[in-house]
Amino acid sequence: MDREYLYYDSKIGLSSEELQGLYRFTRWGRSRSVSQIERMLDGTDLCFSVRHEGELVAFCRIITDFVFRASLWDVVVHPDHQGQGLGSSLMGYALEHPAIRNIPMITTYSSELGPFLANMGFEPKEGMMMLLRCPIEYS
């Protein structure tokens, strides 16, 4: 990557409005309102973001008990920054974070990022179950 990227592991400097702007490039996050994103951020344990020239260009978040389990959500990279290794770099930054590095099980759900997540060490496991109360495109 020849661009200068700054990585963050805090939600303090992240606004719900700019995150909403990044979500507009996803199929699953376009309908999220600013107030929903604010509540989501309040309930999220760890947020990871990447900025380029001050703009938010990548994001993911983790919900965890910090001991046994964690779940990875909302992996998104702005289209102008895809295909350059930024997503892989963000995942490495998040998954090797000291707060979760030793957690034995990290789960995620993705209908679009399977091959990408497989490169990060994720694999499908029998026995995983989900209670889906509305179509994933709206959650």
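I looked up tyrosine 93 and found this residue partly exposed, with a relative accessible area of 29% (buried is under 20%, exposed over 50%, partly exposed in between; 1.4 Å probe, protein chains only). The model is a predicted one, in which local features need pLDDT of at least 70 and side-chain atom pairs count only at pLDDT 80 or more, while totals for chains, interfaces and linings use all residues. Residues are numbered from 1 along each chain as its sequence is written, and side-chain values use heavy atoms, with hydrogens and water left out.

I placed tyrosine 93 in helix H3 (residues 86-95); helices (H or I, at least four residues) and strands (E, at least two) are DSSP runs, numbered from the N terminus. Leaving aside neighbours within four places in sequence, I listed Tyr7, Tyr8, Asp9 and Phe48 as contacts of tyrosine 93 (heavy atoms within 4.5 Å).

Of its 21 residues, Phe48, Val50, Cys60, Ile62, Leu72 and Leu86 touch the most other members. S2, S3, S4 and H3 each give two or more residues to this core, and H3 gives the most, with five.

Last, I examined H2 (residues 34-42), where Ile37, Met40 and Leu41 are buried. Seen down the axis of H2, the buried residues fall within an arc of 95 degrees (directions from the helix axis to the C-beta atoms), so they line one face of the helix. The face turned away carries exposed Arg39 and Asp42.

Conventions:
Core = buried A, V, L, I, M, F, W, Y, C linked by side-chain atoms within 4.5 Å.
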